[in-house]
Amino acid sequence: MYIIIGKYYYSLQLLLVICEGMWLYMVEIEKVEEQIGEVLGLEIAAQKAVEELSLKGLLDKRGIRGKLQGMRNEAAGHQKKIEKLMQRVSESEGLNQDSIRQHAEEASQKASQMMQTYLGEDPDTLDALEFLCLAEGGEVTHYEVLSEVAKKLKEKKFATEVRSILKEEKEHLKLCTQLAKENSIRS
Ligand SMILES: [Fe+2]
């Protein structure tokens with residue numbers, strides 16, 4: 001079967017294959033925007049979490065505050081790196097930066113709500129550290145997924161940077177787990 005568009009005849013099958021290809025491309029692009037937005041939102045939320053938990057006096061114990069401040073600073077560095085990468089890949093892959101920022105905002109809000117729910121009315125240091133383990137575990141998982149997604153992009157620097165951030169995120173999770181273990185006796 002043929003379809004006439006203007007002066008030309010097109011095979012219906014060929015048009016369907018083109019449309020399917022375009023649709024799959026759009027779905028993939030949206031997925032990439034969502035994944036980048038989510039890691040960006042989680043980095044922003046991680047910084048806010050350390051700041052808020054500090055303000056609540058939950059990280060005052062010796063040896064905790066300094067280490068988590070270092071982790072917070074690294075999260076700020078990751079945020080900057082992801083924002084730079086976002087600009088780069090938006091140009092090379094045709095991503096929509098507004099869509100990425102919207103996903104970031106949603107992820108950051110969800111993480112903040114989760115923290116309030118997790119801490120409840122009267123949290124202690126162990127609750128705070130356990131929440132940070134949860135948050136860092138979420139970051140590790142999201143970067144693992146983004147690292148897979150990155151393999152499909154033309155921009156190879158993106159995958160390299162994501163892998164280097166993932167390595168540091170694994171260290172964040174290790175640090176929080178270690179601190180939670182050291183503070184496992186509630187006081
Ligand atoms: Fe982190």
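Two residues count as in contact here if their C-beta atoms, placed from the backbone, lie within 7 Å. Keep that in mind as we walk through this predicted model, where local features need pLDDT of at least 70, side-chain atom pairs count only at pLDDT 80 or more, and totals for chains, interfaces and linings use all residues. Residues are numbered from 1 along each chain as its sequence is written.

Let's start with the overall layout. The chain has 5 helices and 2 strands, in the order β-β-α-α-α-α-α from the N terminus; helices (H or I, at least four residues) and strands (E, at least two) are DSSP runs, numbered from the N terminus. The radius of gyration, taken over C-alpha atoms, is 21 Å, well over the 16 Å that the globule rule (2.2 Å times the number of residues to the power 0.38) gives for 187 residues, so the chain is more spread out than a compact globule. Along the principal axes, the C-alpha atoms fill a box of roughly 80 × 35 × 25 Å. Among contacts between residues at least 6 apart in sequence, 77% join residues at least 24 apart.

Now look at one helix pair. Helix H3 (residues 97–119) packs against helix H4 (residues 125–150) at an angle of about 145°, their axes 10 Å apart; axes are lines fitted to C-alpha atoms over the stretch in contact, and angles run from 0 to 180 degrees between N-to-C directions. Where do H3 and H4 meet? Ala111, Met115, Tyr118 and Leu119 in H3 meet Asp127, Phe131, Leu134 and Ala135 in H4.
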